[in-house]
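User: I would like to learn how to read the features of a model like this one. Please take them one at a time, with the general idea before the case.

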Amino acid sequence: MRISASWLEQFVALPPLDELAHIFEMAGIGVEERDGEIFTLEVTSNRGDWLSAIGLAREIGAMTNKSMRAPHREIEGESANVQISIENPEDCTRYVARVIENVTVGESPGWLQQRLTECGIRSINNIVDITNLVMLETGQPLHAFDAGKLRGGIEVRRAREDEILTTLDDVERKLSPEVLVIADGEKAIALAGLMGGTDTEVSENTHTILLESAHFASSRVRRGARFVGLSSEASRRYERWVDPNGARRASDRACQLFHEICGARIGGIVDKYVAPSAPAEVALRVGRCQSVLGLKIPADAMQKCLERLGFEVRRDEETLHARIPTFRRDIAREVDLIEEVARIHGYDHIPTTLPRTVNASPGRNLSQRLEEKAKDALLRCGLSEIVTYSMQNSGAVARAGLPLENVVRLRNPLSEDYTQMRTSLLPSLLEVLQKNARNGARVFELGKVYLPRDEQAQPDECRRLGFALMDETAPAPQWGAKAAPLDFYFLKGIVETLLGELGAPQLRWRPTQQAPFHPGRCAALSLDGQDVGVAGEVHPEIAARWDLPARAFLAHLDFDAIVRHLNLLKSYQPLPRFPGIDRDLALVLPENIAAADVEETLRAAGGALLRRVCAFDVYTGAPIPAGHKSLTLSLSFRADERTLTDAEAEAALQAARDAAQSAFGASIRA
Amino acid sequence: MHEQIRQLEQRGAAQVSGAQNLAEIEAARLSLLGKKGELTALLRGMGSVAPEERPQMGALVNEARARLENALEAKLDELKNAAQNAALVSETLDVTLSAPPIAFGKRHPLTQTLDDIVRIFSGLGYSVAEGPEVETEYYNFDALNIGPDHPARDDRDSLFIDGGTVLRTETSAVQIRTMESRQPPIKIIAPGRVYRRDAVDRTHSPMFHQVEGLLVDRDVSFADLKGTLTTFLQQLFDAVPQSDGLRTRFRPHYFPFTEPSAEFDVWFNGTWLELGGCGMVHPKVLENVGYDSEKYTGFAFGFGIERMAMIKFGIDDIRLFYDNDVRFLRQF
């Protein structure tokens, strides 16, 4: 339903447009789109009355507690000489026919055309436009027949088997008794509630029209619509429910406009109302309403909510009896009134509680869940979890080459093996490797260390994540490809996979020297400039002290620090739609230049088109001069919105190459 | 003799300290302290020393020998260390070189999202219920107060199989089956695949995933429904930075199986996003399964898992979930 605010304003005082949008939403009318003052509204299938300006205005009035502006006056008329027969009152409870004479068919005035255009309806001629306007205004579909083309009276009946009717869209349709039709003395002339026929269509030569304002049953129109495979503005309304008690009013309103716009004379009327609809009475128990909503709303306030909707309410102690106007067929039982109270009171003003049997227990909190996630990631990398004692002895710490001072000591240790609380997981990890010397191990522990604090009885308990990797010395023979031996880069790959899975930003690695690591194979790790751990190969001397038979690799991460740097919201990066171009670049550089520095320089110089840089080969020896190395990098260039040209990739590559030359004195190796 | 020892020791010390490698050290040791070494020779030549001077000379020689042995030992350590350091230095790696990728499997983003949802509702005491996906029209429609004329029962909207069955259009049927088999209190969520006759585009798919929840007990209110979904959304989006907590909104809506009904929204990136539908279970639905609708009330809610995942991960096209492009799957 598309409608302009200024039209609604004719029926009720409106708040500012932003507020109006909110009021629509909070009434249950979805705002699909807003273009200036024109709203496109989503009307639910239970509320046919909202498919009209007056119905919407009435709802706004109820929500904002404003009354409607004066309704249109009634138009009297003598009885017309038209025979109306209704085959089955279940299909059609009311048929109002009116004769309008001396019409001049022509173009509609500008304001009328504009109203229709705003509502998304094409202007046809003044007669059809008026019927459409009144439908949009009142919700009552109208149809104008050219009275001069009618053969006899109006008959509302089921179509005969295979009866033929050509509808206004110029389609010849074969009907069945599923379909309700309007017929004259001879044949079907319109699909009831759906669409008129061409034979009785209003044309330039029309002088007298017969205006139909009827109530057709929802399910009948729906079945007819399904049978002929058609849906129209009229059928959308009938399928939901059109108020039978509004048929006469809509007819009157149209007559007023026919007179004003087409200079027509209003003729006689026949109002065949075979099964009158009366307002239903529905009871609402105050206590029931309060308990279903979980809202302590007093009976008076409840009554006011219903009265704002135009319901007449009678109170009988703790029960309200509401008379439901016939335009609200959706209100049938107590619970429907409870919803009305909730809507008018405001869903926002209903408290937020939990059922009495429920505790809001989040189970593991976010930080605990991250522990789970880290463990899960390491398991997926092929590591197993270990559990070691929190207590250590100073000998193990010393053997690991770690400092001995500043620890929490036990006053009464159980044995000499467990005298102090650990400040690092590394000695335990070495112990586990030692125990598994023959079989090798790929293990991790996520546990606490206990760091003494000045002037505090209790130490700081911090989470650390340690892992240890070592190949088995003599693997049992087996068929198939042999796994590559462990090395530093495998360990690095696990650390990076883990941190990527957790959502850490780019991890930086820089060489460092500390126990118990190999001085040339140890790196400090940092996130956003803060150190979060260390990883490397075990120093051969320390490996010897622990009787480790193979090269062993350890990492020790500050899990709490890592958690502080995580970006927990992973956001999707669109997949590339256009092909990229890959280039290799071989540089000769002083041996001490780190590959990461070269990559970063190239990345910065390569610009937005350079998507990936990765050093993949290092070579020293002839013909590379002593103290130098050859570093070969792969560069991938790509644009998001087009296929990259060779020239563009070449230019970006050149920029990257120049930057490497000036930053590192690199020369290009052919 | 005295002078001889002094000179020998001096020369020996120089030889030791001048040694460049292990071989030279060994040579120095042999030439000084070996069987045929000079100091050994001196001791052997002790016979020619006057008997009263022998103890003194012997002591001098032994002291010199001890000093040289210490020097040898120290030099040996020094050279060994140097050799080891040289070996360590020669093993130095560029730790900044990128690591080869680890084989690392990923859960589908829909599964990750569903796991989160199930975890949160488990914390609220809900159990997970399941049911058939090829469902009877009775359970899929009639039992839910969706009458024979409802558009959902049209061939245009749902996918039917002959014999009165339909690919379930929501998981509510699971709720009906659960209610039929048990008495309240009931607290379940029913996650799973559902099917609609929607053409595939950025926001539609003929198959998608839903979670529906149902709680039936005495004294269950609409306020409880609001509280439950608010708690759930706060926990689901707890990683989303919000200065003033997660904002939720409940708007009136219409569903045949709930009354009052609502749609619920979350405030995200400066706009309200619609997440799903909910409401108090319609008394007629409770009556259909034989519950006393005066004694028991309940609420139900449902939402799409795709929608939640799209919001959480910033995904703009539902088709990506079923394309299974590994470059997509790797991102989550």
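Analyst: A residue is called buried if 20 or more other C-beta atoms lie within 10 Å of its own, exposed if 12 or fewer, and partly exposed in between, with C-beta atoms placed from the backbone. A:Glu537 has 24 C-beta neighbours inside 10 Å and therefore counts as buried. This is a predicted model: local features need pLDDT of at least 70, side-chain atom pairs count only at pLDDT 80 or more, and totals for chains, interfaces and linings use all residues. Residues are numbered from 1 along each chain as its sequence is written, while chains are lettered from A and ligands numbered from 1 in the order in which they are written.

User: In which strand is A:Glu537, and with which residues is A:Glu537 in contact, leaving aside its neighbours within four places in sequence?

Analyst: Helices (H or I, at least four residues) and strands (E, at least two) are DSSP runs, numbered from the N terminus. A:Glu537 belongs to strand S25 (residues 530-538) of chain A. Two residues are in contact if their C-beta atoms, placed from the backbone, lie within 7 Å. Apart from neighbours within four places in sequence, A:Glu537 contacts A:Phe488, A:Phe517, A:His518, A:Arg521, A:Arg551 and A:Phe553. From A:Glu537 to A:Arg409 there are 128 residues in sequence and 30 Å in space, C-alpha to C-alpha.

User: How many residues of strand S6 of chain A are buried, and with which strand does S6(A) pair?

Analyst: In strand S6 (residues 142-146) of chain A, 5 of the 5 residues are buried, so the strand is largely enclosed by the rest of the structure. A:Leu142, A:Ala144 and A:Asp146 are on one side, A:His143 and A:Phe145 on the other, and both faces are covered. Two strands pair if DSSP finds at least two bridges between them. S6(A) pairs with strand S13 (residues 209-216) of chain A in the antiparallel sense over 5 bridges. Within S13(A), A:Leu210 is the bridge partner of A:Phe145.

User: What is the strand order of the sheet in chain B?

Analyst: The order is S1-S5-S6-S10-S9-S8-S7 (chain B), an open sheet of 7 strands with mixed pairing. Strand S1 (127-128) and S7 of chain B stand at the edges with a single partner strand each, so one side of each has no neighbour in the sheet. S5(B) and S6(B) run antiparallel and are joined by 10 bridges. B:Val211 in S6(B) is the bridge partner of B:Pro191.

User: Now a helix. Which residues of H5(B) are buried?

Analyst: The expected span of a helix is 1.5 Å times one less than its number of residues. Helix H5 (residues 109-123) of chain B has 15 residues and reaches 21 Å from its first C-alpha to its last, close to the 21 Å expected. Its buried residues are B:Pro109, B:Thr113, B:Leu114, B:Asp116, B:Ile117, B:Ile120 and B:Phe121. They cover an arc (of the directions from the helix axis to the C-beta atoms) of only 155°, which puts them on the same side of H5(B). These buried residues pack against strand S5 (186-195), strand S6 (207-217), helix H8 (222-236) and helix H10 (305-313) of chain B. After H5(B) comes B:Gly125, with a positive phi near 90°.

User: Which residues other than glycine have a positive phi, and which peptide bonds are cis?

Analyst: Most residues other than glycine have a negative phi, and most peptide bonds are trans. Phi is positive, near 55°, at A:Glu317 and near 55° at B:Asn324. A:Glu317 lies in the loop between strand S16 (312-316) and strand S17 (319-324) of chain A; with 8 C-beta neighbours inside 10 Å, A:Glu317 is exposed. B:Asn324 sits in the loop between helix H11 (320-323) and H12 of chain B and is exposed, with 9 other C-beta atoms within 10 Å. The peptide bond from A:Ala515 to A:Pro516 is cis, with omega near 0°, and so is the bond from A:Ala622 to A:Pro623, with omega near 5°.

User: How many residues does the contact take from each chain?

Analyst: The contact takes 59 residues from chain B and 64 residues from chain A. On the chain B side, H8(B) supplies the largest share, 9 residues.
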